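Here is a short briefing to read with the structure open beside you. Take each topic in turn and find the named parts as you go.

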There are 2 protein chains.
Amino acid sequence: MKVTIRQIAKQLGVHHTTVSRALRNSPCISENMRQRIKSLAIKLGYRPNLVASGLSTRKTFNVGLIVADISTTFFSQVARGVEDTMRRAGYNVFICNTDDKIEDEKFHWDALISRGVDGIIISPANLKPRYLQKLLGAGVPIVFIDRCLPSLRASYVITDHFSGGYQMTKYLLSLGHRRIAYVRGEVEMGRFYGYEHALKEYGIPVDNSLTPVCDFTIEGGKKAAKKLVRMEHPPTAIFCVNDPVALGAMKAIREHGFRIPEDISLAGFDNADFAEFLQPPLTTVHQSKYELGEEAARILLQEMNGKLREPRKVELKPVLVIRDSCRHIGDSRVNSALPECLLLATTIIA
Amino acid sequence: MKVTIRQIAKQLGVHHTTVSRALRNSPCISENMRQRIKSLAIKLGYRPNLVASGLSTRKTFNVGLIVADISTTFFSQVARGVEDTMRRAGYNVFICNTDDKIEDEKFHWDALISRGVDGIIISPANLKPRYLQKLLGAGVPIVFIDRCLPSLRASYVITDHFSGGYQMTKYLLSLGHRRIAYVRGEVEMGRFYGYEHALKEYGIPVDNSLTPVCDFTIEGGKKAAKKLVRMEHPPTAIFCVNDPVALGAMKAIREHGFRIPEDISLAGFDNADFAEFLQPPLTTVHQSKYELGEEAARILLQEMNGKLREPRKVELKPVLVIRDSCRHIGDSRVNSALPECLLLATTIIA
DNA sequence: CTGAAAGCGCTTACAG
DNA sequence: CTGAAAGCGCTTACAG
């Protein structure tokens with residue numbers, strides 16, 4: 001039998017509201033009474049019923065996290081960041097997977113609203129302004145993560161995808177590559193624009209046959225890279241939208257008999273845990289997954305406490321991490337790092 | 001302004017209990033009335049308040065998932081299995097990380113109880129009978145996952161760790177290895193016993209210097225393997241408690257100037273997504289992470305519906321996946337697979 | 001500082 | 001089949 005404030009009240013011969021006040025540290029209560037109530041509560045193993053208090057205060061101390069796929073190296077780390085900081089503030093987090101399908105996202109959204117969550121962190125499946133606007137209008141504090149529309153009047157925390165795409169492409173160009181493939185994601189555009197922009201600076205037009213779309217998975221990367229590698233004039237470098245995709249590409253490249261980086265340079269994005277342990281260690285763009293989640297949670301906390309007049313928009317800077325999977329074209333040196341980049345990478349990551 | 005059953009009732013000139021009945025598909029209501037109520041509910045965008053119904057029915061349609069670390073490749077896949085099947089049944093899942101620290105586990109446990117979850121899936125931080133017994137006595141349906149005490153009167157779903165450890169060690173022995181290290185985990189014992197048992201069959205005593213403990217992480221694996229590799233007589237094979245640990249070991253082995261598998265054979269456990277994409281592809285033990293979560297959720301669902309008289313105990317069989325990271329000792333062939341094993345592995349995994 | 005009332009939004013016997 | 005009452009366990013004005 002669960003113990004309630006009424007039972008505590010009865011044993012002490014007081015009204016249950018008094019017990020409620022004592023337990024919530026209300027100032028309107030005598031120190032003596034507070035002590036007696038609290039110690040009895042502990043003795044009886046009282047556990048507050050948050051669904052009851054949630055009904056009466058409209059505050060459940062629950063939040064929702066909506067992402068494409070929690071089993072992904074990226075989102076699972078983001079989720080950890082969210083959970084750790086939410087927990088410290090007394091919140092629990094619901095985890096919701098959408099696979100970037102809008103119907104699943106709607107389903108989860110409704111489920112969360114019905115459960116009266118105090119806030120939602122979401123990596124939305126689509127970036128249509130009207131859709132996002134509707135989410136914002138639901139009356140629940142919300143912060144976007146990893147993906148958003150900067151023009152929206154909404155809080156978000158993302159990595160500067162453009163910068164990441166740009167830095168990597170620039171690096172590849174500096175190594176002498178001119179036929180650089182970019183294996184893109186469906187929803188992801190920022191990195192692609194960065195890639196495009198860097199090419200433009202060198203007067204190179206985007207070649208559609210070099211920018212296949214894939215689905216962020218290892219298998220997807222393998223499939224996409226297979227096409228690339230079988231071309232009559234294969235690219236000399238393949239830049240992948242994330243590290244799992246690069247892993248798949250690695251396989252495809254080798255199955256075709258090409259060596260990395262001697263025949264084809266390979267680059268990823270994310271700096272997944274496994275990236276530096278690959279053979280060769282993977283050159284990639286580091287983004288702080290845990291911090292993304294942490295920061296999003298912090299902002300949501302402020303929003304929920306009404307401490308935010310204006311939306312907070314934060315962009316974490318990605319950093320180029322040069323390892324051994326890209327080589328200088330027409331140069332025997334395999335790893336011709338730009339010293340500043342390397343330095344930057346190591347200091348920030350360490 | 002959120003719409004409630006009272007508002008619907010008012011507009012229709014009926015009592016709110018009638019609305020409640022219509023919405024819950026109670027049989028005690030006329031078909032006509034049901035239709036009118038339902039269509040108005042839809043028109044008004046009514047969303048049931050699950051915290052209110054939760055308070056009155058003591059059913060929140062929420063469950064908790066307590067694991068060591070959601071950002072891990074293993075648990076993130078388990079979590080996905082749990083979430084997918086729970087969602088289909090109308091449940092949301094809270095995600096809780098403990099890092100295998102008992103205080104954090106207790107904290108989360110209390111948080112879940114306070115929130116009135118209908119059930120809990122847990123990979124407990126410790127396996128002391130008294131502790132587990134206390135969890136079981138809390139009056140919440142519970143199913144253990146990945147770790148448990150078989151002697152307990154409780155449902156669980158685990159991989160047959162003993163068999164996995166045994167199969168791999170047996171395989172290594174069959175390749176001619178006699179100095180086989182096992183990099184173990186702190187809490188994990190089943191695989192270790194399997195390793196021990198296989199050695200015993202060959203009359204080989206366990207050498208403590210060959211069984212360092214590590215923490216399931218890449219870095220931990222690197223550190224542990226470094227010690228092994230620097231021994232005066234290094235092992236000829238290193239079997240790691242999981243694939244991330246094997247990844248770290250791979251690095252350590254190579255940094256020491258040894259080749260895999262020519263100088264040292266390496267094996268993992270889990271069959272993580274990245275395992276087959278490593279160079280060389282990693283020989284490991286496959287366990288079905290997603291299915292573990294799926295099955296645990298299914299069992300919990302039955303428990304919550306009172307459909308389980310007896311605890312359900314399920315052990316998923318792991319399968320040896322032979323790739324190229326282990327070699328036959330005193331034999332030039334690198335990969336001397338036992339054909340049956342290979343066959344088994346491919347059919348089940350495909 | 002403490003008590004008694006009313007309410008959060010729903011559900012569940014109990015009448016009729 | 002429908003209504004009115006009571007209750008889930010808490011909180012929050014309102015009195016005193």
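How many nonpolar, polar and charged residues does the surface near DNA strand D have? There are nine nonpolar, 13 polar and three charged residues. Keep in mind that this is a predicted model.

**Confidence and domains**

- Chain A has an average pLDDT of 91, and 94% of its residues score at least 70.
- One stretch of chain A, residues 332-350, has a pLDDT below 50. Beyond near neighbours in sequence, this stretch has 23 contacts in the model.
- Where pLDDT is low, the predicted coordinates should not be read in detail.
- Chain A is divided into three parts: domain 1 (5-48), domain 2 (61-160 + 290-316) and domain 3 (161-288 + 319-349).
- Between the C-alpha centres of domain 1 and domain 2 of chain A there are 37 Å.

**The surface near DNA strand D**

- Around DNA strand D there are 25 residues. A:T4, A:S20, A:A52, A:S53 and B:S56 come nearest.
- Which elements give two or more residues to this surface? In chain A they are α2 (16-23) and α4 (50-57), and in chain B they are α2 (16-23) and α4 (50-57).
- The most comes from α4(A), which gives five residues.

**The surface near DNA strand C**

- Around DNA strand C there are 26 residues. Here A:S56, B:T4, B:S20, B:A52 and B:S53 come nearest.
- At least two residues each come from α2 and α4 of chain A, and from α2 and α4 of chain B.
- By class, this surface has 10 nonpolar, 13 polar and three charged residues.

**Where chain A meets chain B**

- Chain B puts 37 residues into the contact, and chain A puts in 37 residues.
- On the side of chain B, the elements giving two or more residues are α4, α5 (73-88), β2 (92-97), α6 (102-114) and α11 (243-255).
- That side of chain B has 17 nonpolar, 12 polar and eight charged residues.

**The four-stranded sheet of chain A**

- Chain A has an open sheet of four strands. Their order is β7-β6-β8-β9, and the pairing is parallel.
- Which strands are at the edges of this sheet? They are β7 (213-214) and β9 (265-267) of chain A, and each pairs on one side only.
- Inside the sheet, β6 (residues 180-185) and β8 (residues 237-240) of chain A pair in the parallel sense over four bridges. A:V183 stands opposite A:C240 in β8(A).
- Helix α8 (residues 161-174) of chain A lies across β6, β8 and β9 of chain A. This helix runs at about 170° to β8(A).
- Helix α11 (residues 243-255) of chain A packs on the sheet too, touching β6, β7, β8 and β9 of chain A. Its direction makes about 160° with that of β9(A).

**The four-stranded sheet of chain B**

- Chain B has an open sheet of four strands, in the order β7-β6-β8-β9 and with parallel pairing.
- Why is one side of β7 (213-214) and of β9 of chain B left without a neighbour in the sheet? Each strand stands at an edge and has a single partner strand, so one of its sides has no neighbour there.
- Strand β6 (residues 180-185) of chain B runs parallel to β7(B), and two bridges join them. B:R184 stands opposite B:V213 in β7(B).
- Helix α11(B) lies across β6, β7, β8 (237-240) and β9 of chain B. The helix runs at about 160° to β9(B).

**Backbone details to look for**

- A cis peptide bond joins A:I260 and A:P261, with omega about 5°. Look for A:P261 in the loop between α11 and β9 of chain A.
- In chain B, a cis peptide bond joins B:Q279 and B:P280, with omega about 0°. B:P280 is in the loop between β9 (265-267) and β10 (284-286) of chain B.
- A:F61 is not a glycine, although its phi is positive, at about 60°. This residue is in the loop between α4 and β1 (62-67) of chain A.

Key. Residues are numbered from 1 along each chain as its sequence is written. Chains are lettered from A and ligands numbered from 1 in the order in which they are written. This is a predicted model: local features need pLDDT of at least 70, side-chain atom pairs count only at pLDDT 80 or more; totals for chains, interfaces and linings use all residues. pLDDT is the predictor's confidence in each residue, from 0 to 100. Two residues are in contact if their C-beta atoms, placed from the backbone, lie within 7 Å. Domain bounds come from an automatic or database domain assignment. A residue is near a molecule or strand if its C-beta atom, placed from the backbone, lies within 6 Å of it. Ala, Val, Leu, Ile, Met, Phe, Trp, Tyr, Cys and Pro count as nonpolar, Asp, Glu, Lys and Arg as charged, and the others, Gly among them, as polar. Two strands pair if DSSP finds at least two bridges between them. Axes are lines fitted to C-alpha atoms, for helices over the stretch in contact, and angles run from 0 to 180 degrees between N-to-C directions.
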